[in-house]
Amino acid sequence: MTEYFPGGLPTPTPVVDPDTQPYWDAAARDELVVPHCDDCDRSFWYPRGFCPRCGGTAIDWRPSSGRGEVYSFSVVRRAAEPWGSHTPFVLAYVTLEDGVTVQGNVVECPSDRLVPGLAVRATFERADDDDLPILRFTPRDKEA
Amino acid sequence: MNGSAVIVGAYEHPGRRLPGHTLAGVHREVVAGALADAGLAWSDVDGFFTDSTAPGLGVIDLMQYLGLQCTYTESSEMGGSTYVAYVGHAAAAIAAGKCRVAVISLAGLPAQRQRVSPPDTPAPVSAFQVNGYGGGYGPVADYAVLARRHMHEFGTTPEQLAWVKVASSQHAQHNENAFLRDTVTVDDVLGSSMIADPLHKLDCCVVTDGGGALVVVHPDVARELGRAGATLRGHGESHKSSIAGEVDLTYSAIRRSGELAFREAGIAADRIRYASLYDSFTITVLMALEDLGFCARGEGGRFAEDGGLVSGTGRLAVNTDGGGLSNNHPGNRGGMTKVIEAVRQLRGEAHPAVQVPDLEWAVASGTGFRLSNNHYSSTIVLERFS
């Protein structure tokens with residue numbers, strides 16, 4: 001039986017670290033940026049105002065293609081509220097082309113496509129206009 | 001550190017549902033039990049270790065309640081690995097001359113809706129964690145993501161995961177205090193409700209009230225007591241997380257903690273015939289089997305299947321009390337019961353049906369938080385003391 005995992009998952013507003021404002025500003029424009037350390041020349045995740053590898057504070061908020069592939073996932077069938085009324089939904093790790101692996105939900109996806117390696121792209125969801133946009137992923141068709 | 005301390009007291013609260021109890025009261029019961037087991041008095045205690053959930057303003061309020069007069073104390077938070085790590089911390093304190101009789105105590109009442117308050121200040125990562133640590137999807141989904149990758153990478157099957165639960169139930173049938181004493185089959189596990197694919201309800205540990213305590217002492221004290229126990233030979237701890245967006249779910253922090261513990265002990269996994277392995281979920285045990293070197297990476301499923309973890313007939317006796325999957329996971333923290341069953345085994349005081357004969361060495365390993373992302377592990381190597 002093929003199931004379909006829709007969008008519209010909860011988007012509780014997180015407490016934001018002011019150092020990460022460039023990420024949230026980009027997200028508000030439906031753009032994903034990934035922090036890159038100019039000192040050690042590598043991208044990192046999750047966003048903070050310094051590099052967790054070398055401690056550098058010269059952070060370049062680089063636009064990401066948002067393209068990646070599913071590293072692993074689970075179809076969650078039981079959860080506490082507010083997620084409980086949205087089961088089943090998908091929790092996944094997605095490895096972005098930028099080299100970082102990110103936790104997020106896969107939405108607008110039929111169950112028969114859901115495998116490790118599934119090509120996905122970033123999308124943002126918010127339940128209300130004053131919610132912060134939350135990073136999610138959705139399948140993309142393979143380019144020719 | 002090798003040989004600097006001996007576990008001479010170990011006590012597991014017999015209760016699994018404790019209505020009418022207080023958290024402080026459970027601490028009192030288990031500390032009393034462990035001291036009686038060791039043959040020591042409350043006034044002998046000069047070191048006290050508990051976790052961040054101690055009632056009131058923490059460990060100092062608890063020591064006042066218990067009537068302890070200590071010169072060394074710790075109330076850290078490493079989740080379920082805390083009490084395994086504390087055996088090492090207590091030994092370090094004893095070796096440094098800071099105390100001679102250390103008590104490690106765990107109490108929890110999750111089945112009584114005891115609330116562990118969420119932190120006032122959320123972790124920085126919570127803004128990027130889908131729904132943060134305290135919310136929504138709970139720990140099962142995080143471990144399910146780990147299990148899915150193990151299946152994808154190594155061909156591990158749901159049946160192999162189920163065998164971990166089957167072995168625990170076969171041990172628990174002999175434990176009169178076990179929360180679940182009925183034996184289950186692989187089909188029972190696969191037929192139980194799916195919580196977070198591929199983990200079923202019976203792939204998950206029990207939720208129980210209760211607790212336990214350990215008494216860790218200077219070897220001179222242990223020799224005076226004349227009670228059998230377990231000498232700490234090696235101790236290791238490690239943290240692993242997706243610290244900068246690098247995620248590799250094929251190994252865990254257990255690996256580094258085990259390397260450190262075995263190196264200090266001067267032995268390898270091939271000397272071990274009993275292991276207490278953290279079993280918050282069935283996949284946690286497969287990771288520990290591989291990370292501690294009981295089998296090669298990716299071979300955990302094949303090691304566990306067909307009764308591989310059953311005492312007497314399997315490849316390695318694991319969690320002979322029934323573990324967190326069938327016996328007890330007090331306060332949602334399994335590290336304490338892991339050490340207690342290892343001590344029982346080394347003393348020859350496990351149930352005769354699951355006792356490993358002539359046991360000299362044992363391992364206990366614990367893990368805190370979530371193995372698929374941010375977690376902390378501790379492993380100890382113990383030798384029989386008599």
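Here is a walk through some charged pairs and one glycine in this structure. Keep in mind that the model is predicted.

Let's begin with the charges. Side chains of opposite charge can pair when their charged atoms come close. Across all chains, a search of the whole structure turns up 24 salt bridges. A few of them are worth a visit.

Start in chain A, where R77(A) and E3(A) join their side chains in a salt bridge, with 2.6 Å from N to O. What does this pair tie together? R77(A) sits in the loop between strand 5 (67-76) and strand 6 (89-96) of chain A, while E3(A) belongs to the segment before strand 1 (4-5) of chain A, so the bridge links parts that are 74 residues apart in sequence.

Now hop over to chain B for a pair within one helix. R223(B) and D220(B) form a salt bridge at 2.8 Å, N to O. Both belong to helix 7 (residues 219-225) of chain B, and because they are three residues apart there, about one helical turn separates them. R223(B) is exposed, with a relative accessible area of 54%, while D220(B) is partly exposed at 33%.

Staying in chain B, look for E299(B) and R302(B), whose side chains meet in another salt bridge at 3.0 Å, N to O. Here E299(B) is partly exposed, with 32% relative accessibility, and R302(B) is partly exposed too, at 33%.

Which residues go beyond a simple pair and form a network? In chain B, salt bridges link E12(B), R16(B), E341(B) and R344(B) into one.

Finally, leave the charges behind and turn to a glycine. G88(B) lies in helix 3 (residues 82-95) of chain B. Is G88(B) buried or exposed? With a relative accessible area of 1%, G88(B) is buried. And what surrounds this glycine? Setting aside neighbours within four places in sequence, G88(B) is in contact with M1(B), L232(B) and H235(B).

Notes:
Residues numbered from 1 in each chain as written. Chains lettered and ligands numbered in written order. Predicted model: local features only at pLDDT ≥ 70, side-chain atom pairs only at ≥ 80, totals over all residues. Heavy atoms only, no water. Salt bridge = Lys/Arg side-chain N within 4 Å of Asp/Glu carboxyl O. Helix = DSSP H or I, 4+ residues; strand = E, 2+ residues; numbered from the N terminus. Buried < 20%, exposed > 50% of the residue type's maximum accessible area, 1.4 Å probe, protein only. Contact = heavy atoms within 4.5 Å.
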